[in-house]
Amino acid sequence: MSIDNNDLIAQLAKRVGILEAKDAAVHAMHRYWRVLDYKIFDDLQDCFTEEADCDWGTAGWQAIGRQKIYDFLHANESTSEIRLSHFGHNAEIAILDERTVSGIFKLEDWVTIAGRTIMRGFGQYNMIFTIGNDDVYRISRLRLHYDYREEYRVFVDGKMLASTPALDG
């Protein structure tokens, strides 16, 4: 039995392409979390496609379009007193087509403002990543579903002590 080298090379190239796409999706998600957690807002827009659609699973926490997503996250998470920590793992990645990958990521989330925990929770991200003309995968759809969420609010004289624009709304 003879092996057709061209077929073998084509099969291997396809398998390597699948592995590269899966790794790129995980990288895109981890980059998004790192950029938020370490407030590297100069890199935030590049995490998303122009037409990205995001829903973080809480009323008022939705944005569509790269600029609107950036504006929303910058307004709500960029100040120095807000500290975030995303623990994302257990990636399940599927290839949808030559340019699109889906991913499910388990999340544990911790948010503090001025040293006070205001939110802790866990859930799951359901993501779509699209490869750009520069061969970089970016987030094109983000859906966060919390399975459990604790929120803490501290009020002094009827005013929330620690807040963000979205929490005030």
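Over the ring of which residue does the charged end of Arg 149 sit? The ring is that of Tyr 146, with the charged end of Arg 149 placed 4.7 Å from its centre. A charge is taken to sit over a ring if NZ of Lys or CZ of Arg is within 6 Å of the ring centre and within 35 degrees of the ring normal. The charged end of Arg 120 likewise sits over the ring of Trp 110, 4.7 Å from the centre of that ring.

The structure is a predicted model, in which local features need pLDDT of at least 70 and side-chain atom pairs count only at pLDDT 80 or more, while totals for chains, interfaces and linings use all residues. Residues are numbered from 1 along each chain as its sequence is written, and side-chain values use heavy atoms, with hydrogens and water left out.

The chain contains 3 helices and 8 strands, where helices (H or I, at least four residues) and strands (E, at least two) are DSSP runs numbered from the N terminus. From the N terminus on, the elements follow the order α-β-β-α-β-β-β-β-β-β-α. Of the 169 residues in the chain, 38% are buried; buried denotes under 20% relative accessible area, exposed over 50%, and partly exposed in between (1.4 Å probe, protein chains only). With contact defined as heavy atoms within 4.5 Å, 53% of the contacts between residues at least 6 apart in sequence join residues at least 24 apart.

An open sheet of 6 strands has the order E2-E1-E6-E5-E4-E3 and mixed pairing. Its edge strands, E2 and E3 (82–97), each pair on one side only; two strands are paired if DSSP finds at least two bridges between them. From one strand to the next, the twist averages 20 degrees. Strands E3 and E4 run antiparallel and are joined by 13 bridges, with Ile 104 in E4 as the bridge partner of Glu 92. H1 packs on the sheet and touches E1, E3, E4, E5 (116–131) and E6 (137–151). The direction of H1 makes about 165 degrees with that of E3, where axes are lines fitted to C-alpha atoms, for helices over the stretch in contact, and angles run from 0 to 180 degrees between N-to-C directions. H2 also packs on the sheet, touching E1, E2, E3 and E6, and its direction makes about 55 degrees with that of E1.

Strand E1 is joined to E6 by 4 bridges in a parallel arrangement, and Cys 54 stands opposite Leu 142 in E6. E1 and E2 run antiparallel, joined by 3 bridges, and Asp 53 stands opposite Ile 64 in E2. The hairpin of E1 and E2 has 6 residues between the strands, and Gly 57 in this hairpin takes a positive phi near 80 degrees. Ser 102 lies in strand E4 and counts as buried at 18% relative accessibility. Not counting residues up to four places away in sequence, Ser 102 touches Glu 92, Ile 93, Ala 94, Leu 96, Met 127 and Ile 128.

Rings of Phe, Tyr and Trp (its six-membered ring) pair if their centres lie within 6.5 Å; planes under 30 degrees apart count as stacked, over 60 as edge-to-face and the rest as tilted. This rule gives 9 aromatic pairs. The rings of Trp 33 and Phe 105 have centres 5.9 Å apart and planes at 90 degrees, so the pair is edge-to-face. Because Trp 33 lies in helix H1 (residues 5–37) and Phe 105 in strand E4 (residues 100–113), the pair ties together parts that are 72 residues apart in sequence. Trp 33 is buried, at a relative accessible area of 4%, and Phe 105 is buried at 1%. Trp 61 and Phe 72 form another edge-to-face pair, 4.8 Å centre to centre with 90 degrees between the planes. Ring pairs also link Tyr 32, Trp 33, Phe 48, Phe 105, Tyr 125 and Phe 129 into a cluster.

A nonpolar core is a set of buried Ala, Val, Leu, Ile, Met, Phe, Trp, Tyr and Cys residues joined through side-chain atoms within 4.5 Å. The largest such core has 39 residues, of which Tyr 32, Leu 44, Phe 48, Trp 56, Leu 73, Tyr 125 and Phe 129 touch the most other members. At least two residues of this core come from each of H1, E1, H2, E3, E4, E5 and E6, and H1 supplies the largest share, 8 residues.
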